[in-house]
Amino acid sequence: MTGPAADGSPPQPVYRSAEEWVTCHFLPMYRRPLGGEYRWCAEWWRHAEAITRLTALWHSWEALRLQPGTGMATWLRDHLDHQLPVLLSRAGPFAMCSEDEHIDPQPAVTQPAPHGWWNPGQPAEPGQDPDGAQPRLPGDLEE
């Protein structure tokens, strides 16, 4: 369906899920030579960043396909041309994978911030440096 139904109900998406859009539209249409510069993982759905980026591409595609005239050109320029190099790059979500092998992405390690770190006006805990323990970030209000 390309527009609102005769009864005025909103148009239905062409694809029922991001997976269907990726399988039936994205992969057949936007194929790149894989290896060197471009990476892909057959198990793309195991990569949270890829899911987010591909879902955003699918949703924006569904919306812009309905725009007469330049809708698809806008989608290509503003959405696909931005996301594709990030998604398929050597440093992107599939950096460790190949089309034939999935390697689970390793999450970045983090440590919890010390108590009071995000509340510069809060009194320091016993044993904490009362003067310099909390950072000042751009945009923080002066006290």
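Visitor: At what angle do helix 2 and helix 3 pack, and how far apart are their axes?
Guide: In this predicted model, helix 2, which covers residues 48-64, packs against helix 3, residues 71-88, at an angle of about 175°, and their axes lie 10 Å apart. That angle makes helix 2 roughly antiparallel to helix 3, since angles over 145 degrees are counted that way.

Visitor: Which residues make the contact?
Guide: On the side of helix 2 the contact is made by Glu49, Ala50, Arg53, Leu54, Leu57, Ser60, Trp61 and Leu64, while helix 3 contributes Gly71, Met72, Thr74, Trp75, His79, Leu80, Gln83, Val86 and Leu87. Sorted by class, this contact of helix 2 with helix 3 has 10 nonpolar, five polar and two charged residues.

Visitor: OK, what about helix 1, which of its residues are buried?
Guide: Helix 1 spans residues 18-29, and its buried residues are Ala18, Glu20, Trp21, Val22, His25 and Phe26.

Visitor: And what covers them?
Guide: The cover over the buried residues of helix 1 includes both helix 2 and helix 3.

Visitor: Zooming out, how many helices and strands are there in the protein chain?
Guide: The protein chain has three helices and zero strands, so that, read from the N terminus, its elements run α-α-α. Of its 143 residues, 27% count as buried, and the chain exposes about 9800 Å², of which carbon and sulfur atoms supply 56%.

Visitor: What share of the contacts join residues at least 24 apart?
Guide: Among contacts between residues at least 6 apart in sequence, 60% join residues at least 24 apart.

Visitor: Switching to cysteines, how many disulfides does a search of the whole structure find?
Guide: The search finds zero disulfides.

Visitor: Is Cys97 buried or exposed, and what about Cys24?
Guide: Cys97 counts as buried, with 6% relative accessibility, whereas Cys24 is partly exposed, its relative accessible area being 46%.

Visitor: How far apart in space are Pro85 and Arg39?
Guide: From C-alpha to C-alpha, Pro85 and Arg39 are 9.9 Å apart, although 46 residues separate them in sequence.

Notes
Residues are numbered from 1 along each chain as its sequence is written. This is a predicted model: local features need pLDDT of at least 70, side-chain atom pairs count only at pLDDT 80 or more; totals for chains, interfaces and linings use all residues. Side-chain values use heavy atoms; hydrogens and water are left out. Axes are lines fitted to C-alpha atoms, for helices over the stretch in contact, and angles run from 0 to 180 degrees between N-to-C directions. Helices (H or I, at least four residues) and strands (E, at least two) are DSSP runs, numbered from the N terminus. Angles under 35 degrees count as roughly parallel, over 145 as roughly antiparallel, 65 to 115 as roughly perpendicular and the rest as oblique. Contact means heavy atoms within 4.5 Å. Ala, Val, Leu, Ile, Met, Phe, Trp, Tyr, Cys and Pro count as nonpolar, Asp, Glu, Lys and Arg as charged, and the others, Gly among them, as polar. Buried means under 20% relative accessible area, exposed over 50%, partly exposed in between (1.4 Å probe, protein chains only). Accessible areas come from the Shrake-Rupley method with a 1.4 Å probe; for residues, only the protein chains shown count as cover. A disulfide is a pair of cysteine sulfur atoms within 2.5 Å.
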